[in-house]
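Dear colleague,

Please find the structure below, together with its sequence. My notes on it follow, and I would be grateful if you would read them alongside the model.

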Amino acid sequence: MTKTARTYAGALYDLALDEQLTDRILSDLQLVRTVFQENPDYRKLMSEPSIQKNEREALLDEAWRSNIHLYTLNFMKLLCDNGTLNQIADCESEFRRRYNSDHGILEVHVTSAQPISDEMKNKLQEKLEKNTGMKVNLSICIDESLIGGIRLEYSGKELDGTVRHHLDSIAHILHA
């Protein structure tokens, strides 16, 4: 996370908080981030220095004016004007971090060797909510190289209960 993203997203969050628009702006930023991630050519075009800034801003206006709040659009134009529109993903992350902090939401990244059933997902979420006292949002990804088990990452912590981790620990002990 860059200092620029923290500064700009922090200022946008403060404005959204004052105007009671945090839900709306977060939703807008998530949409913009998704579009930019799924369309790298569009992101590249909007950061292309050979295209005049006012032309890029007009393109932003045309594409986004009817889809996002004016504050979000102006925020994107500001990033474009400063040549930092490529940091929109970091800005969304910082805005979401502030939002989650204010709303008692904990983002937990779960990595599993196999898909997790809805029942197991619900049990895991309930257990984490009980242990942390926060509302938990789970994001789950599959990594077959883990062989079995799951790894949880949240708040700078990692709880690794994967077979791969246990095998690596044993290998480390044997080589020590």
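This is a predicted model: local features need pLDDT of at least 70, side-chain atom pairs count only at pLDDT 80 or more; totals for chains, interfaces and linings use all residues.

**Findings**

Residues are numbered from 1 along each chain as its sequence is written, and side-chain values use heavy atoms, with hydrogens and water left out.

**Overall form**

The protein chain has eight helices and four strands; these are DSSP runs, numbered from the N terminus, with helices (H or I) of at least four residues and strands (E) of at least two. Their order along the sequence is α-α-α-α-α-α-β-α-β-β-β-α. The radius of gyration, taken over C-alpha atoms, is compared with a globule rule of 2.2 Å times the number of residues to the power 0.38. For the protein chain the radius of gyration is 20 Å, well over the 16 Å that the rule gives for 176 residues, so the chain is more spread out than a compact globule. Its C-alpha trace spans about 60 × 35 × 30 Å along the principal axes. Contact means heavy atoms within 4.5 Å; among contacts between residues at least 6 apart in sequence, 66% join residues at least 24 apart.

**Nonpolar cores**

A nonpolar core is a set of buried Ala, Val, Leu, Ile, Met, Phe, Trp, Tyr and Cys residues joined through side-chain atoms within 4.5 Å. The largest has 26 residues, of which Leu60, Trp64, Met76, Leu85, Ile88 and Phe95 touch the most other members. Helices α1, α2 (22-38), α4 (53-64), α5 (70-81) and α6 are the elements that give two or more residues to this core. A second, separate core has eight residues, including Val110, Leu124, Leu128 and Leu152.

**Aromatic pairs**

Rings of Phe, Tyr and Trp (its six-membered ring) pair if their centres lie within 6.5 Å; planes under 30 degrees apart count as stacked, over 60 as edge-to-face and the rest as tilted. The count by this rule is two aromatic pairs. In one, the ring centres of tyrosine 13 and phenylalanine 95 are 5.0 Å apart and the planes are at 70°, so the pair is edge-to-face. This pair links distant parts of the chain, since tyrosine 13 lies in helix α1 (residues 3-18) and phenylalanine 95 in helix α6 (residues 88-103), 82 residues apart. Tyrosine 13 and phenylalanine 95 are both buried. The rings of phenylalanine 36 and tyrosine 42 are also edge-to-face, because their centres are 5.3 Å apart and their planes are at 85°. Phenylalanine 36 counts as buried, at 2% relative accessibility.

**Cysteines**

With a disulfide defined as a pair of cysteine sulfur atoms within 2.5 Å, the structure holds zero disulfides. The sulfur of cysteine 91 is 13 Å from the closest cysteine sulfur, in cysteine 80, which is too far for a bond. Cysteine 80 is buried at 1% relative accessibility, and cysteine 91 is buried with a relative accessible area of 0%.

**Serine 93**

Serine 93 lies in helix α6 and counts as buried, at 16% relative accessibility. Leaving out residues up to four places away in sequence, serine 93 touches Met1 and Arg33.

Yours sincerely

How values were computed
Buried means under 20% relative accessible area, exposed over 50%, partly exposed in between (1.4 Å probe, protein chains only).
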